[in-house]
Amino acid sequence: MSGNVAAIRDLSIRFDTQQGPVYPLRNVDVDVPRGQIVGIVGESGSGKSTLALALMRLLPGNAVVTGGEVELLGKDLLKLPAEEMRGLRGTRLAMIFQDPMTSLNPVRSIGQQMLDIQYRSPASRAEKIAKAADALKRVGIPDAREQLKRYPAEFSGGMRQRICIAMSLLQKPELLIADEITTALDVTLEAQVLHLLRELRAELKGSILFISHNLGAVAEICDRVVVLYAGEVVEQGPVFEIFDRPQHPYTRALVECDPARIETTTRELPVIPGDVPNLRSIPRSCIFAARCAEVMEVCRRDRPPPTVIGKGHSARCHLLEGVES
Ligand SMILES: Nc1ncnc2c1ncn2[C@@H]1O[C@H](COP(=O)(O)OP(=O)(O)O)[C@@H](O)[C@H]1O
Ligand SMILES: [Mg+2]
């Protein structure tokens with residue numbers, strides 16, 4: 001395998017609704033190299049969660065993959081038998097959600113759940129409990145042994161998020177998908193969770209797909225950044241390239257809006273004038289044309305293909321065509 005834990009190629013997804021089809025992801029390419037943290041950044045509705053759920057093969061029932069391929073852990077994800085897919089989830093592949101209650105079982109104690117996820121381990125029950133308590137301690141939960149007896153509802157949102165991270169410490173997945181996990185946390189908690197994720201990456205020797213609309217968080221912990229705009233990857237590259245020499249006008253608008261804001265305290269993406277495209281009728285033009293300050297005639301006519309700007313750095317913009325990489 002190519003050194004990528006996941007490789008998404010030309011992936012397109014459609015949602016069928018009563019009001020007709022919606023096209024949340026179109027021709028998406030994303031590589032997640034082994035051992036790296038890849039950030040997916042985009043406004044609300046840009047398709048971040050849809051991408052995560054596609055990787056987990058947990059898309060809602062009205063979703064149809066209309067094209068593309070996904071290689072995950074050396075396998076063809078879209079053709080993998082359901083049984084084998086279930087086997088991957090929770091072992092080699094794990095996801096933490098924005099709302100930790102989504103993944104925690106409300107009627108089982110934290111300890112029971114932390115034992116459950118070690119069911120494959122040959123260790124004794126006492127050893128598994130010790131491991132669970134240790135994982136809780138690692139994520140900064142004091143009095144861990146006592147906490148194992150408690151139920152998810154007895155913890156605050158921030159604590160529950162840490163419990164989910166502790167569980168992924170026990171699972172040691174090769175790919176951990178974290179979908180907006182710091183969005184509901186205050187700045188201090190967020191900084192702690194980011195620190196934990198970084199440690200986790202070192203410990204797991206795995207990769208993390210870090211989905212966020214917080215540019216500061218992405219700048220802080222990611223190796224690579226993928227910028228999604230209305231269902232399309234408009235730019236992707238190494239984190240320093242994206243923040244130091246962003247090439248797509250959308251990325252530039254995000255990053256250059258106010259450099260001082262690119263720090264962990266940034267809560268939201270900057271507001272860019274104009275309307276986000278309607279995902280029901282996708283224009284044949286560049287997807288950003290209607291909001292782009294540098295729009296040209298060709299942009300309103302043709303959709304730009306990705307242009308390679310540097311090693312592992314590309315963007316979909318007509319301005320870059322013919323520019324030497
Ligand atoms: N099951 C669904 N049916 C129809 N539309 C959906 C469904 N799930 C998400 N969408 C739409 O797809 C788009 C992308 O959503 P999502 O992936 O959740 O974006 P993000 O996570 O970036 O906020 C949004 O316009 C959303 O309303
Ligand atoms: Mg989302």
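**Entry 1: strand 12 and its neighbours**

I began with Q236, whose bridge partner in strand 12 is S314. Before going on, I noted that this is a predicted model, where local features need pLDDT of at least 70, side-chain atom pairs count only at pLDDT 80 or more, and totals for chains, interfaces and linings use all residues. Residues are numbered from 1 along each chain as its sequence is written, chains are lettered from A and ligands numbered from 1 in the order in which they are written, and side-chain values use heavy atoms, with hydrogens and water left out.

I also wrote down how the elements are named: helices (H or I, at least four residues) and strands (E, at least two) are DSSP runs, numbered from the N terminus. Two strands pair if DSSP finds at least two bridges between them.

Strand 10 (residues 232–238) and strand 12 run antiparallel and are joined by 2 bridges. I then looked at strand 11 (residues 306–310), which is antiparallel to strand 12 and joined to strand 12 by 4 bridges. There V308 has S314 as its bridge partner. Strands 11 and 12 make a hairpin with 2 residues between them, and G312 in the turn has a positive phi of about 70 degrees.

Is strand 12 covered on one face or on both faces? On both: H313 and A315 are buried on one side, S314 and R316 on the other. Buried means under 20% relative accessible area, exposed over 50%, and partly exposed in between (1.4 Å probe, protein chains only).

As a reminder to myself, strands of a sheet pair through backbone hydrogen bonds, either parallel or antiparallel.

Strand 7 (residues 175–179) and strand 8 (residues 207–212) pair in the parallel sense, over 5 bridges. Within that pairing, I found L175 bridged to S207 in strand 8.

For the angles, axes are lines fitted to C-alpha atoms, for helices over the stretch in contact, and angles run from 0 to 180 degrees between N-to-C directions. Contact means heavy atoms within 4.5 Å.

**Entry 2: helix 6 and two partners**

How do helix 6 and helix 7 pack? Helix 6 and helix 7 (residues 187–204) pack at about 5 degrees, with axes 11 Å apart. That makes the two helices roughly parallel. (Under 35 degrees counts as roughly parallel, over 145 as roughly antiparallel, 65 to 115 as roughly perpendicular and the rest as oblique.) Helix 6 brings G158, R162, I165, S168 and L169 to this contact, and helix 7 brings residues including L189, L196 and L204.

Helix 4 (residues 125–138) packs against helix 6 (residues 157–171) at about 130 degrees, with the axes 9 Å apart. This pair is therefore oblique. I listed K131, A132, A135, L136 and R138 of helix 4 as meeting I163, A166, L169 and L170 of helix 6.

Strand 1 and strand 2 (residues 20–33) are joined by 9 bridges and form a hairpin with 2 residues between them. F15 stands opposite V22 in strand 2. Strand 4 (residues 63–72) meets strand 5 through 2 bridges, and L72 stands opposite K75.

My last stop was N4, in strand 1 (residues 4–17). N4 counts as buried because its relative accessibility is 10%. Leaving out residues up to four places away in sequence, N4 touches D31, V32, P33 and R34.
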